[in-house]
Amino acid sequence: MIVITIIITIAWATTTWLLIRRNRRINNRIKFLSEAVAGGDFSFTFPEQKRRRSDRVLAESLNRVREMLGKARQETIDKERYYAQILENVRTGIVAYDEQGFVTQTNSAAASLFGLPVLTHIRQLDRVSDGLADMLLVAAAGDTRTLTLHYGESNRQLSIQVSQSRIRDRNLRILVVNDIHNELDNKEIDSWISLTRVLTHEIMNSVSPITSLSESLRTLVPDTSSELYKGLDVIHSTGKGIEGFVESYRQFTHIPTPAPTLFYVRGLVERAVRLVQGGPEHSRIEFRWSVEPEDMLLYADENLVGRVLNNLLKNAVEAIGEGNDGWVEIHAFLNEREDVIIEVSDSGDPIPPEVEERIFIPFFTTKTDGSGIGLSISRQIMRLSGGTLTLRTKPNTTFVMTFGS
């Protein structure tokens, strides 16, 4: 009896020890799995060649869990890369930051709009505008702010919208930043284009029949010296003049779609200067130009950009006046945001404030023989090229062509 009791006790102890040992092995494998997954390591595999069926089943199950977790992790990484690529390619600035002001997500558009090389903490925005960081740290969801930034003589007007989100127990604020200055300019240009199309269409519909009829009636009058013939000739000439006048305005609404290519800015500037300084009436004007760096490249429609540059140089020469001493300067360079900047300055008389405010308005001109569409067309070309054309009046009259990077 005692022997049986001893045998049972030994068997029970052995079974308990084996169960504890097996349980320890299972726990160790599960612990290894969890630690490896937490560290992002999915390269391991549990050996499935086991003598016991239960060990094989455990290894197969753990490997299946590893595969599912690895697949889920890879899908998450792929989605994050996809959304990050979308975020980086939108022109709207996006900044996400936590309650301490640390930036968790941003894109290059935001850094460019704020004029910063990098943005890692919201306090960096105090360099852009005093008090901006404090305002954003206390901003509530739904708040909208308008901010005007000054870059030398030029301004940038930003619209900042604030929203809020909670991710993984963290409260995040999200800024949506847009340059509304260009947006307002684009709406104004669109309005002028629509108005010009309507006016030119209506005028041409009225004038063309008169011109055609007067030309036909002239052929029916045998005496070219008669008052009737002369009157018809005046009507015909006037109609042709109006048609030519209207056709010049059509250029404002029918600018060809840019066909961008990569070209050297230096060559563009050299050709433009050579073209405008060739006339003898410009012999007393000094033409200066510089391109920094000399091998600067620009991706745009070279013919259209050259058209803008030639128009600005022509205006600069006219501002100095025929036969007067003066200078015209072209300076091409890269700003801190890697934008290509081409400035055209002249020593002519300063532009009065009342003219400065209206200088880009279509049909506005101070010249007796001007059409008032040269600068309007130039600004429209720059807009279609993804750039801007602005005016700076101090210390000298300077037109600034800006091509975003």
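Biologist: Leaving aside its neighbours within four places in sequence, which residues is F403 in contact with?

Modeller: In this predicted model, F403 is in contact with L298, A300, V305, D339, V340, I342, M382 and G387, once its neighbours within four places in sequence are left aside. Contact here means heavy atoms within 4.5 Å.

Biologist: What makes F403 part of a nonpolar core, and which residues touch the most other members?

Modeller: A nonpolar core is a set of buried residues of kinds such as Val, Leu, Ile, Met and Phe, joined through side-chain atoms within 4.5 Å. F403 belongs to the largest such core, which has 41 residues, and V265, L309, I342, M401 and F403 are the ones that touch the most other members. Helix α8 supplies the largest share of this core, namely nine residues. Another core, of 22 residues, lies apart from it and includes A110, L119, L147 and I160. As a general matter, nonpolar side chains in soluble globular proteins tend to be buried together.

Biologist: Why is the pair R271 and E302 called a salt bridge?

Modeller: The side chains of R271 and E302 meet at 2.2 Å, N to O, and the cut-off is within 4 Å, so the pair counts as a salt bridge. This pair links distant parts of the chain, with R271 in helix α7 (residues 265–276) and E302 in helix α8 (residues 302–320), 31 residues apart.

Biologist: Are R271 and E302 buried or exposed, or do they fall in between?

Modeller: Buried means under 20% relative accessible area and exposed means over 50%. R271 stands at 42% relative accessibility, and therefore counts as partly exposed, while E302, with a relative accessible area of 25%, is likewise partly exposed.

Biologist: How do you know that E318 and K314 form a salt bridge, and where do they lie in the helix?

Modeller: Their side chains meet at 3.0 Å, N to O, which is to be set against the limit of within 4 Å, so E318 and K314 form a salt bridge. Both residues lie in helix α8, four residues apart, which is about one turn of the helix. E318 has a relative accessible area of 38%, so it is partly exposed, and K314, at 41% relative accessibility, counts as partly exposed too.

Biologist: Which residues are linked in a network of salt bridges?

Modeller: R123, D126 and D134 are linked in such a network, and within it the side chains of R123 and D126 meet at 3.6 Å, N to O. R123 is partly exposed because its relative accessible area is 39%, and D126 counts as partly exposed because its relative accessibility is 24%. The structure holds 10 salt bridges.

Biologist: What makes β7 and β11 the edge strands of the open sheet?

Modeller: The sheet has five strands in the order β7-β9-β10-β12-β11, with mixed pairing. Strands β7 (285–292) and β11 (387–392) each pair on one side only, and they are the edge strands. The twist averages 10° from one strand to the next.

Biologist: How do you know that β9 and β10 pair?

Modeller: Two strands pair if there are at least two bridges between them. Strand β9 (residues 326–334) and strand β10 (residues 340–346) have seven bridges in the antiparallel sense, and therefore they pair. F333 stands opposite I341 in β10.

Biologist: Which strands does helix α10 lie across?

Modeller: Helix α10 (residues 374–384) lies across β11 and β12 (397–403), and runs at about 140° to β11.

Definitions and conventions
Residues numbered from 1 in each chain as written. Predicted model: local features only at pLDDT ≥ 70, side-chain atom pairs only at ≥ 80, totals over all residues. Heavy atoms only, no water. Buried < 20%, exposed > 50% of the residue type's maximum accessible area, 1.4 Å probe, protein only. Helix = DSSP H or I, 4+ residues; strand = E, 2+ residues; numbered from the N terminus. Axes fitted to C-alpha atoms, helices over the stretch in contact; angles between N-to-C directions.
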